[in-house]
Amino acid sequence: MALARRYGTPLYVVDEMAVRNACRAHRREFESRYPRVRILYASKALMTKAIAMIVAEEGLSLDVCSGGELYTALSAGCPPDRIYFHGNSKTLSEIDFALSAGICRFVVDNMDELRLIDLLANAKGLVADVILRLTPGIEAHTHEYIKTGQIDSKFGIAIPNGDALRAVKYAKELRNVKLTGLHCHVGSQIFETEPFLHAIEVMMDFAREACDATGFIMEELDIGGGLGVRYTGGDDPLSVADLAEAIAPALLKAAEERCLPLPTLLMEPGRAIVGEAGTTLYTVNAVKHIEGVRTYVTVDGGMADNPRVALYQAEYDAVLANKADRPPTCEVSIAGNCCESGDMLAWDIALPDVEVGDILAIFCTGAYNYSMASNYNRHLRPAMALVKDGWSDLIVERETYEDHVRKDVVPDRLKSSHRSAAVSAESAMLVYPRASGANASE
Ligand SMILES: Cc1ncc(COP(=O)(O)O)c(C=O)c1O
């Protein structure tokens, strides 16, 4: 309540210690079971300067997937040699920016990108370290739209059809790239170890095949992110320890069985670092009871600050922060404030009697909420507060209406109202010539 009063709503709230503890758990559980590990935070989940600083301070590296994420990481002081540049459609200027910044690795999605990196690195007199993103042909049991391991995917280079081997051969021919490793990501919100273990087998088989065919030695194996989190009480995610306990021995064994040197193990958790650390606060603006149908509780945010429900049918738990000690008395659905009937934040959740002015807290919104937020309906993107030890600090300012119009440009020809009226009459004649003609002859 104090946070809502101090910063207003909607408000993203991030628990700093939850982020730090998740970073520490990943390092501790993997580093204690495997000799060489790098945990990369998948910054697409939530990227602000303060978050980048916290994960870097905890010793994590960063996975960025756009020039904007790279710029944020560098502005936050993240060491370039801990930055891995992902993305399936890197532009020439993004590659140039990353090369100039001296980032650690490019995670290459396709052959055209490989060629472009080689060309630009050559122009700068550099050799760029690259990892190839491969699609191992595995489907994790997760939502259709976030499955990325299968061959029919816009991401990566397929192993089963021979494209991946061709890419390794090509990379080895290029003078200004050095192929250091292989990457895969089999999906997100994964609750079992099997997809990861399967991915390790496929990737290690491929590493053996590529070594036999080209002499390529895989120094690093990046098995992506995807560890699930608890969005609702019905979710039962694996712990980081469970995941490490499965992955580390599997990789040690897989390397030994294939007579391959042990690669450095890279993991890219996103939501498992920040998901559960986030809560969003909203103010209730209206309660609409449709007798015999449903009660809609309308809040001052929605799909513009959290598009996951509309995109993935994501489910969330929520409470009324100002009535947290009261038992639930009704079933309601939480509607957003955008002009879209699909703009819902939760369906059929149990809450105490809801009234206008109540503060609704939706849990587990740390990942893919702020980072996927939009200005649909020209709503303002919310502020974000970081809380620790009873203190709070603003880490993202709330947008203002002035922010909305700052980048708008009005062409000179629209500036004079006389002239703009003439232009619209003229265009109306072009679009509706007959109607205008009829008027003219009357
Ligand atoms: C390549 C890659 N790595 C890591 C992640 C992070 O996934 P998650 O947030 O589910 O851990 C993603 C998510 O889309 C991804 O595409």
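A: The ligand is surrounded by 17 residues, the closest of which are Ala42, His185, Ser188, Gly225 and Gly270, a residue being near a molecule if its C-beta atom, placed from the backbone, lies within 6 Å of it. This is a predicted model, in which local features need pLDDT of at least 70 and side-chain atom pairs count only at pLDDT 80 or more, whereas totals for chains, interfaces and linings use all residues. Residues are numbered from 1 along each chain as its sequence is written.

By class, the shell around the ligand holds 6 nonpolar, 8 polar and 3 charged residues, where Ala, Val, Leu, Ile, Met, Phe, Trp, Tyr, Cys and Pro count as nonpolar, Asp, Glu, Lys and Arg as charged, and the others, Gly among them, as polar.

Gly270, one of the closest residues, lies in the loop between strand S10 (264-267) and helix H10 (271-274); helices (H or I, at least four residues) and strands (E, at least two) are DSSP runs, numbered from the N terminus. Gly270 is buried, because 26 other C-beta atoms lie within 10 Å, and the term requires 20 or more such atoms within 10 Å of the residue's own C-beta, placed from the backbone, with 12 or fewer counting as exposed and values in between as partly exposed. Leaving aside neighbours within four places in sequence, Gly270 is in contact with Ala42, Lys44, Ala45, Gly225 and Ala367, contact meaning that the two C-beta atoms, placed from the backbone, lie within 7 Å. The C-alpha atoms of Gly270 and Leu62 are separated by 10 Å, although these residues are 208 residues apart along the chain.
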